[in-house]
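Hi there,

Here is the structure I promised to pass on to you. Please open it next to this email and follow along.

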Amino acid sequence: MLLLYFSGCKSKGKTHTAFYYWKTVFQLNKEERGMLRKTVDNHLYLHFFDVVWNEQEQQVLPNGLLTVQCPLKGLTVTPVVYITNQSLKNSAPAQMDSLAFKVHRLLSRLTAKQAVVYENIQVDCDWSVDTRAKYFTFLRAFKQITGKKLEATIRLHQVKYPERTGVPPVDKGVLMFYNMGRISADLNARNSIYNYEDAAAYTAALPNYHLPLDIALPLFSWSIQIRAAKVIQLYAKISLQDLSDRQKFEPVYGKAVHVYKALTSFYLKGAYIKKGDLFKFEGMDTASLARAAKQVSEYLAPLENRNIIYYEISSINLPLYAKDIKDLSAYF
């Protein structure tokens, strides 16, 4: 009986926790520094720049370079570079080696300026079937040039259809366990950041994915502005607290999500709001985060060392999760 019991248990490895930082100016407040120190052993996945297709210049260029305004000393930093799929589409296969060299050169310059010592690099890209070959060529060249361990972000559809999208030639994948639904003007649509039902369509494929996986979980929220039954804009800066101002908004009852109607026309945090506009708030709380962590952890193949990365530390909802981060990571 003991043999049967232990053979039915999935052994857990060691879990490490980290945060993403995705702003273009690195400046931590006291609360964020405390979160790094207390919950994640000062480990930060730091976004250094994007690689984008510049229409005006008709070439691939770096964009959104990180400006550092507070010391990185004492932090364990994993550099992150984001590559747009459009930049791959507009590049020739023969340009991938050159692109890998340029990305390495810029990243080396930026990290050396801040005296950042690192062992791993993460590349974030939602590649497609038609850019797969070019992206994988870039990754092979980039790994050879840098001599570092390489991580690549993985979306749920890439886990479910690996025969179409391929498995990137890297040391480790990072499954982005969020943004799994469609952003919709439908007031009864499921939460597009995370919902159990949409996730369930993909999780069964996880045990067969041929790459060790870390997990990224969402701490963020957004408000969807709807006018005339159409999505106008998406605002991460407009919080549930903003929408709860009864002098400016009224709740629309009887819906499955938080929906608020503008009572007048005004500006809020730089956004123009017209009288009658609807705002659908989508976010995460500790209960939904726990459900997400439990759901994905049940399907993951065992891994000796797994990182759980929360997106992201500058979230306006950060205080809500402060005491629960370690408990959430313990699911893995």
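Predicted model: local features only at pLDDT ≥ 70, side-chain atom pairs only at ≥ 80, totals over all residues.

Let's begin with helix α4, which covers residues 96–113 and has 18 residues. From its first C-alpha to its last it reaches 26 Å, close to the 26 Å expected at 1.5 Å a residue.

Which residues of α4 are buried? They are M96, L99, A100, V103, L106, L107, L110 and T111. Looking down the axis of α4, you will find these buried residues within an arc of 140°, so they line one face of the helix. Here is a rule that helps in reading such a pattern: an α-helix has 3.6 residues a turn, so residues three or four places apart point the same way.

What do the buried residues of α4 pack against? Their partners are the strands β3 (43–54), β4 (59–63), β6 (76–83) and β7 (120–124), together with the helices α3 (85–89) and α5 (132–146). On the other side of α4, you can find R109, A112 and K113 exposed. Just after the helix, have a look at A115, where phi is positive, at about 55°.

Now please turn to T39, which sits in helix α2 (residues 30–39). Is T39 buried or exposed? With a relative accessible area of 10%, T39 is buried, as the cut-off for buried is under 20%. The side chain of T39 reaches the backbone oxygen of M35 at 2.5 Å. Setting aside neighbours within four places in sequence, T39 is in contact with T17, F19, A322, I325 and K326.

Enjoy exploring!

Best wishes

Terms used. Residues numbered from 1 in each chain as written. Heavy atoms only, no water. Helix = DSSP H or I, 4+ residues; strand = E, 2+ residues; numbered from the N terminus. Expected span 1.5 Å × (residues − 1). Buried < 20%, exposed > 50% of the residue type's maximum accessible area, 1.4 Å probe, protein only. Arc of directions from axis to C-beta. Contact = heavy atoms within 4.5 Å. Polar contact = N/O pair within 3.5 Å; in protein donor to acceptor, adjacent residues only side chain to side chain.
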